[in-house]
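Please walk through this model, beginning with a record annotation and ending with one residue.

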There are 2 protein chains.
Amino acid sequence: MTEPEDGAPERPARRRGRPARAAAEAGPGARDRILTAARTQFAERGYDKASVRAIAKAAGVDAALVHHYFGTKEQVFAAAIELSFAPALTMPDALAGGGAEVGERMARFMFGVWENPVSRPPLLAIMRSALTNDTAAAVLRGLIERRMLQRLAGELSVPDPEFRVQLAASHLIGIALLRYVIKMDPVASADTEEIIAMVAPTLQRYLTQS
Amino acid sequence: MTEPEDGAPERPARRRGRPARAAAEAGPGARDRILTAARTQFAERGYDKASVRAIAKAAGVDAALVHHYFGTKEQVFAAAIELSFAPALTMPDALAGGGAEVGERMARFMFGVWENPVSRPPLLAIMRSALTNDTAAAVLRGLIERRMLQRLAGELSVPDPEFRVQLAASHLIGIALLRYVIKMDPVASADTEEIIAMVAPTLQRYLTQS
């Protein structure tokens, strides 16, 4: 279970320290480089196999600097998936105001993110990490709760708005799983419009009908 | 990427052979012991890390006998998940005849399988394997298509019955993911009756309304 590649065990005293000089030496773009390297590492290797040391190496900095900026591996992962999730986190804006087409807007929003070849791989990687590692699942859960569900639920005027939003989200997540991961036909090759036409009324009911 | 624990590379000549004498020596219960050991291995280690050699060892037989009975590691996996999926594969019977409550019956069926502490772990393990390994995903896809969707679709009198069944299944799979894997509240701790009451009308619409 221990991760020998992680730089932390070699220098425990500096793990949570403040290597201000190292930060200055690494230059002003170091934080962004670490974040980009972390996203790539987690996407390619999954949470279990990604290591702070390899992220630091890819970013051209010392592992201590990664810990300085982000804390533990778990916190690096949280920051990296927040970056990967940035497009998905704008969903509450897409649904603002509710209304007659909120179900369709939610479905369109989901396919907009998943059909995009830039945003799909990191989303897939996060799902895989969350499914195989409890820490990654907890981080993803926290992000979705804090940044998406609470805001979304605030937009709705139905009883149990968080429960309703989760039911709607579960449907879209399940479709994403069948279509993009298991790749099961006919859902995998169906036109997105065809799926949206079937699914939008379901989401509409969950999000607006009490 | 190579799997050093797998016995196959050490004895390629016997891999697909017919060790009839070994089968006779291993006794009449050998096939079942292998299957049970395979299910445990895949559930505990996932598809990638499970090995034919370890399965053979746990079953008290030679690795060649595993290949003799089941073929490749992929085929052992197929047989093992077919065993794990046995309760889920009775779903078509549960939905036979369609009717006014078919949506509710499908939802109840799903929770019956997932809330059962005996059937949940192997299902979770299969989902994890399918999400992280393309071969496992293909095996699971084939099993669901062959054993579940085709028969289910035959029970329905709507256009595109397989598409409809997949939409319904995707919703239940997404709920299982949020509830049992990501463990996100309120769906994770909601009463199953509360979820069924919301979800059954959705499934009913997919399965019966053209």
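The paragraphs below take up an annotated span, a helix pair and a histidine.

This is a predicted model, in which local features need pLDDT of at least 70 and side-chain atom pairs count only at pLDDT 80 or more, while totals for chains, interfaces and linings use all residues. Residues are numbered from 1 along each chain as its sequence is written, chains are lettered from A and ligands numbered from 1 in the order in which they are written, and side-chain values use heavy atoms, without hydrogens and water.

An unreviewed UniProt entry lists residues 51-70 of chain A as "DNA-binding region"; such annotations may be inferred rather than shown by experiment. That span is 80% helix and 0% strand, with its end C-alpha atoms 13 Å apart. Helices are DSSP runs of H or I with at least four residues, strands runs of E with at least two.

In chain A, the axes of helix α10 (residues 161-182) and helix α11 (residues 192-208) come within 8 Å and cross at roughly 160°. Axes are lines fitted to C-alpha atoms over the stretch in contact, and angles run from 0 to 180 degrees between N-to-C directions. Because angles over 145 degrees count as roughly antiparallel, α10(A) is roughly antiparallel to α11(A). Contact (heavy atoms within 4.5 Å) involves residues including Leu167(A) and His171(A) of α10(A), and Val199(A) and Tyr206(A) of α11(A).

His171(B) lies in helix α10 (residues 161-181) of chain B. Is His171(B) buried or exposed? His171(B) is buried because its relative accessibility is 0%, the cut-off for buried being under 20% and for exposed over 50% (1.4 Å probe, protein chains only). Beyond neighbours within four places in sequence, His171(B) contacts Leu167(A), Ser170(A), His171(A), Tyr206(A), Val199(B), Thr202(B) and Leu203(B).

Note on methods. Angles under 35 degrees count as roughly parallel, over 145 as roughly antiparallel, 65 to 115 as roughly perpendicular and the rest as oblique.
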